[in-house]
Amino acid sequence: MSSLKDQLSGLVYSTDKGQLCPGCEEPVNSCKCAELSDRERLDSLDGVVRIRRETSGRKGKGVTTVTGIPLKEKELKVLAKKLKKTCGTGGALKDGVIEIQGDHRDKLKVMLEKEGFTVKLAGG
């Protein structure tokens, strides 16, 4: 882990380029950090979509999480919206993981298989 001095010593603004990205120190307009992280996430996937129900850290409320979908961030947002609409509930997209409120594993499995994904129900 880097020291506090190293974390705070990065260039934030340049008179030549304007505001800079803290990750790659390129101008914010031409920052490639999101694209690189998206590519890394896609490279680490094995092609199997996993659906699980989680309650930990949620005060007992159940959430269905969908991980391992081999789509880019924009396409993932569209799919998340479609899944939430099908289930008739809310949810979120966080770091490539789609979270849908409630236990909707069976509905999601059928829908994702229709979309052409290989799906596994993970967890207990």
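## A tour from sheet to surface

The protein has four helices and seven strands; helices (H or I, at least four residues) and strands (E, at least two) are DSSP runs, numbered from the N terminus. This is a predicted model, where local features need pLDDT of at least 70 and side-chain atom pairs count only at pLDDT 80 or more, while totals for chains, interfaces and linings use all residues. Residues are numbered from 1 along each chain as its sequence is written, and side-chain values use heavy atoms, with hydrogens and water left out.

**Whole chain**

Colour by secondary structure. Along the sequence you will read α-β-β-α-β-β-α-β-β-α-β. The protein exposes about 8700 Å², of which carbon and sulfur atoms supply 50%; the areas come from the Shrake-Rupley method with a 1.4 Å probe, and for residues only the protein chains shown count as cover. Of the 124 residues, 28% are buried. Buried means under 20% relative accessible area, exposed means over 50%, and partly exposed lies in between (1.4 Å probe, protein chains only). Among contacts with a separation of 6 or more, 45% are between residues 24 or more positions apart. A contact here means heavy atoms within 4.5 Å.

**The sheet**

Select E3, E4, E5, E6 and E7. These five strands form an open sheet with mixed pairing, in the order E5-E6-E4-E3-E7. Two strands pair if DSSP finds at least two bridges between them. Look at the edges: E5 (91-94) and E7 have a single partner strand each, so one side of each is left without a neighbour in the sheet. On average, neighbouring strands are turned by 20° against each other, direction ignored. Axes are lines fitted to C-alpha atoms, for helices over the stretch in contact, and angles run from 0 to 180 degrees between N-to-C directions.

Start with E3 and E7. They run parallel, joined by four bridges. Pick Val49; opposite it in E7 is Val119.

Move to E4 and E6. This pair is antiparallel, over three bridges. Thr65 has Glu99 in E6 as its bridge partner.

Finish with E5 and E6. They are antiparallel too, with four bridges. Leu93 stands opposite Ile98 in E6. Two residues lie between the strands of this hairpin, and Asp95 there takes a positive phi near 50°.

H4 lies across E3, E4 (63-67), E6 and E7, and runs at about 165° to E3.

**The core**

Show side chains in the largest nonpolar core, which has 17 residues. Such a core is a set of buried Ala, Val, Leu, Ile, Met, Phe, Trp, Tyr and Cys residues joined through side-chain atoms within 4.5 Å. In soluble globular proteins, nonpolar side chains tend to be buried together. Which members touch the most others? They are Val66, Ile69, Leu83, Ile98, Leu112 and Phe117. E3 (48-54), H3, E6 (97-101) and H4 each supply at least two core residues. H3 gives the most, with five.

Centre on Leu112. Leaving aside residues up to four places away in sequence, Leu112 touches Val49, Ile51, Val66, Leu79, Leu83, Phe117 and Val119.

**Salt bridges**

Now select the charged side chains. A salt bridge is a side-chain nitrogen of Lys or Arg within 4 Å of a carboxyl oxygen of Asp or Glu. The count is five.

- Asp46 and Arg50: their side chains meet at 3.2 Å, N to O. Asp46 is exposed at 52% relative accessible area, and Arg50 is partly exposed at 25%.
- Lys82 and Glu115: the N to O distance is 2.7 Å. The pair links distant parts of the chain, 33 residues apart: Lys82 is in H3 (73-87), and Glu115 is in the loop between H4 (105-114) and E7 (118-121). Lys82 is partly exposed at 41%, as is Glu115 at 38%.
- Lys94 and Glu99: this bridge spans 3.6 Å, N to O.

Last stop: select Arg53, Asp103 and Arg105. Salt bridges that share partners join these three into one network.
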